[in-house]
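Here is a friendly briefing to read alongside the model on your screen. Take a moment to look around before you start on the points below.

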Amino acid sequence: KRIAFLEDLKVGNYVVHINHGIGRYVGIEKLSVGEAQRDYLVIKYQGEDKLYVPTDQAGLLQKYFSQEGQLPKLSKLGGNEWNRVKTKVKAAVKDLAEELLALYAARQSLPGHAFSEDSPWQTEFEEAFPFEETPDQLRTIREVKDDMEKTQPMDRLLCGDVGYGKTEVAIRAAFKAVADGKQVAVLVPTTVLAQQHYNTFRERCEGFAIEVGVLSRFRTAREQKMVLRDLNSGKIDIVIGTHRLLSSDVKFKDIGLLVVDEEQRFGVAHKEKLKKIRRTVDVLTLTATPIPRTLHMSLVGARDMSIIETPPEDRYPVQTFV
């Protein structure tokens, strides 16, 4: 690990020393200490301060990573500034851990709604799907339905590349919820995606007695008011929207399922509101790019995970242009 770190390290890289904080790597110097000569990594700190780290102690360093384009502030050698930063971060991590434990303990102990088994309407709805389901899609749909039929609230992360059929899984889960008299909220990060999902859900639900609404800035104040009223009265079964759905004036008559598309695209304040909603409501999170914390929570069992790895037949490959 140490050798890999040294090979990867380049002059000008920002690094973090576990005891001294953020500095900038300026190269290697050979220094004599007594009769012995050793190689030292030279790290520049605030002002003219420099730290000489023996190469065999490179394990005390790691590369600094931040948001693209943001340069870190160099730490000052000596003093308590770095210790204060570490203490603050430890406290924040502890608070986050306690909050997550409380949330997941509540989800384990508080009973949710156990949805009924599939109705003939569900079968008819699924048979109207114009494409051939992939084996991964069918397995995932079964896993989601099994979760929904339990009293314990679902908290499932669905990972799959763009175009692998995650939306269809969400649509079938939404139909199952509505068939049991519950409302569904589909939360998406952008207005364009809200409109896209709105069109897809409406198209798929055509011919069935399901009312789909959308809440985003593409809607006028009057249209938004009507959607809010219909949500509150239960006239709207499925609502698709951006973070506008998390506003305090959004009231559901009886929400049973929350679908979150690309959770990592929402801010901290939005996620706080999401946590309150998801205590006793079934939650299905869709993502093509799970953030490490979300993925880790799934891998350690705090959340269940489904993966769609097989692309649909004749799927066009994704092309990315920068």
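**A ring with a charge over it**

The charged end of Arg204 sits over the ring of Phe125, at 4.3 Å from the ring centre. To count as sitting over a ring, NZ of Lys or CZ of Arg must be within 6 Å of the ring centre and within 35 degrees of the ring normal. Keep in mind that this is a predicted model, where local features need pLDDT of at least 70 and side-chain atom pairs count only at pLDDT 80 or more, while totals for chains, interfaces and linings use all residues. Residues are numbered from 1 along each chain as its sequence is written, and side-chain values use heavy atoms, with hydrogens and water left out.

**Aromatic rings**

- Rings of Phe, Tyr and Trp (its six-membered ring) pair if their centres lie within 6.5 Å; planes under 30 degrees apart are stacked, over 60 edge-to-face, and the rest tilted.
- By this rule the count comes to five aromatic pairs.
- Trp121 and Phe208 form an edge-to-face pair, with 6.3 Å from centre to centre and 75° between the planes.
- This pair links distant parts of the chain, 87 residues apart: Trp121 is in helix α3 (residues 120–127), and Phe208 is in the loop between α6 (191–205) and β8.
- Helices (H or I, at least four residues) and strands (E, at least two) are DSSP runs, numbered from the N terminus.
- Are Trp121 and Phe208 buried or exposed? Trp121 is exposed, with a relative accessible area of 53%, whereas Phe208 is buried at 15%.
- Here buried means under 20% relative accessible area, exposed over 50%, and partly exposed in between (1.4 Å probe, protein chains only).
- Phe125 and Phe208 have ring centres 5.4 Å apart and planes at 80°, so this pair is edge-to-face.
- Ring pairs link Trp121, Phe125, Phe175 and Phe208 into a cluster.
- Another charge over a ring is that of Arg172, whose charged end is 5.1 Å from the ring centre of Phe129.

**The two sides of helix α3**

- Gln122, Phe125 and Glu126 are the buried residues of α3.
- Seen down the axis of α3, these buried residues fall within an arc of 95°, so they line one face of the helix; the arc is that of the directions from the helix axis to the C-beta atoms.
- Phe125 has a relative accessible area of 0%.
- The face turned away from the buried side of α3 carries the exposed residues Pro120, Trp121 and Glu127.
- The cover over the buried residues of α3 includes α4, α5 (166–179) and α6.

**The sheet**

- Seven strands form an open sheet with parallel pairing, in the order β8-β9-β7-β10-β11-β6-β12; two strands pair if DSSP finds at least two bridges between them.
- β8 (212–215) and β12 (304–308) stand at the edges with a single partner strand each, so one side of each is left without a neighbour in the sheet.
- Strand β7 (residues 183–187) pairs with β9 (residues 238–241) over four bridges, and Ala185 stands opposite Val239 in β9.
- β7 and β10 run parallel, joined by five bridges, and the bridge partner of Ala185 in β10 is Leu258.
- Five bridges also join β10 to β11, where Leu257 stands opposite Asp282 in β11.
- Seven of the seven residues of β10 are buried, so this strand is largely enclosed by the rest of the structure.

Conventions
Contact = heavy atoms within 4.5 Å.
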